[in-house]
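Biologist: I am new to this structure and would like to learn how to read helix packing. Could you walk me through it?

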Amino acid sequence: MERLKKKYRDLSLRSAFILTVLLTFCIVVALSGLSIGACLGLRRYLLPDSNEVYLTLEITDTEGKVTKTSNLIRLGEEMTSLPLFYGEENGKRIIENYDLSSIETNITKVERGYDMLSPKRKLAYRGCGVLMIALPAFLSMAGILFCGFFFYRQKLNRPLQLLSEATEQIAARNLDFHLSYGAGDEMGGLCRSFEQMRQALDENNRQLWKMLEERKIVQASIAHDLRNPIAIIEGYAEYLQMNLLTGRLTRERLEQIAANLEKAANRLGQYTESVRTIDRLDEIVVSRSRTSIGDLLEEVCADFSLMAAGEGKKLDAGEIPQGTVSLDGALLYRVLENVFNNALRYARETITLSFELDEHTLTVTVTDDGNGFSEGIPGEGSRPPSADEDGHCGLGLMISRRLCRKHDGRLEISNHPAGGGMVKIIIGV
């Protein structure tokens, strides 16, 4: 029975409706036939032959004797003789057939068999005739109602209820639910599409909240990092106001103050440019193309080797994978450059690059031999490291992380077990 119910649920709405109508029609026809047959049987029981009538005759023979008789005959039947009852002899009825052509007859009354029934039997007979018309009509109406109710209950009621509840949940801004309806019909497909829409809305909502939280973190970080250069500028301004008129400031001291003020101003400019860069990240569109990953990574390693040599350090690159993948080469280069520049600032002597390519992802691991992330590893949604003495405000890794997410990937930050920082760049290819 459960298998039949499942097959019926998996039927399309059209097929299920046609099947329901056909089955209901067959049931109505069968029940109507049974009810009509039962009524006909009861009528035959009450009146075996409705064509039989009672004929009452007065017969006058040649001697003038008049005999009155009543006989049961069939309508349309030709009568050539008539049985007459003359009495009983030795307990037997004496009946003789007379030739009607030789005697004079007068028809005094013709009564149908129905007229000879009792009042109760007449009522039952008429009731059967009414039921033979009323029962099929009633069964037809009942079949239509049953067909509609059954189809709605089995195919529409549950999915409509689930969709209504899901709509109310979304209207209440609640996406933390699951819509499940396992039927294989159109309503099941509609529920699955609705569930996919809910998942997309939930994911978009999570991404939106993540972006808002990230923006708050960046704003808080910038506000925190701006305090130092602003405090420096305010301090030097106050110092100059107090000492310029006294004439105690030497030329060397003024040059030192001017250099410090310029350095603080440059840091403010770097902070402003970082904020602009983060604001423009949402406008970046990933433009994938078929790219030779070997050629791209060889170019990257050549550029990074020159950059490392310029800082008096060395780049150690692992084996470069070969093959053609679908990615945005410019975006990948930008991420690698940000991460490499961060490693280059803190490495003592060597920066290591290793590569891993599988069917779906490209992983590039950048490791330096510096002190690692001393302020704690900045994970997803955490505050970026504060600015260092060179004015780097610590937003490069956050920018790289957002670019990786745009390329269906992620950025993993940790400290290497042997010491130094380690950053894994994972992008979808």
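Modeller: Gladly! This is a predicted model. Two packed helices are described by the angle between their axes and the distance between the axes. Take helix α2 (residues 13–46) and helix α3 (residues 119–171): their axes come within 9 Å and cross at roughly 165°.

Biologist: How are α2 and α3 oriented, roughly parallel or roughly antiparallel?

Modeller: Angles over 145 degrees count as roughly antiparallel, so α2 is roughly antiparallel to α3. Their crossing is right-handed.

Biologist: What kinds of residues make up the contact of α2 with α3?

Modeller: There are 25 nonpolar residues, along with seven polar and three charged.

Biologist: What is the packing angle of helix α6 and helix α7?

Modeller: Helix α6 (residues 293–310) packs against helix α7 (residues 329–346) at about 30°, and their axes are 11 Å apart. Angles under 35 degrees count as roughly parallel, therefore α6 and α7 are roughly parallel to each other. The crossing of α6 and α7 is right-handed.

Biologist: Which residues of α6 and α7 make the contact?

Modeller: From α6 they include L296, V300 and F304, and from α7 they include L332, Y333 and F340. The contact of α6 with α7 divides into ten nonpolar, two polar and two charged residues.

Biologist: Thanks! What is the mean pLDDT of the protein?

Modeller: The mean pLDDT is 79, and 76% of the residues reach 70 or more. Look with care at residues 381–393, where the pLDDT is below 50. Beyond near neighbours in sequence, that stretch has 41 contacts in the model.

Key: Residues numbered from 1 in each chain as written. Predicted model: local features only at pLDDT ≥ 70, side-chain atom pairs only at ≥ 80, totals over all residues. Heavy atoms only, no water. Axes fitted to C-alpha atoms, helices over the stretch in contact; angles between N-to-C directions. Helix = DSSP H or I, 4+ residues; strand = E, 2+ residues; numbered from the N terminus. Parallel < 35°, antiparallel > 145°, perpendicular 65-115°, else oblique. Left-handed = near helix turned anticlockwise from the far one by under 90°. Nonpolar A, V, L, I, M, F, W, Y, C, P; charged D, E, K, R; others polar. Contact = heavy atoms within 4.5 Å. pLDDT = per-residue confidence, 0-100.
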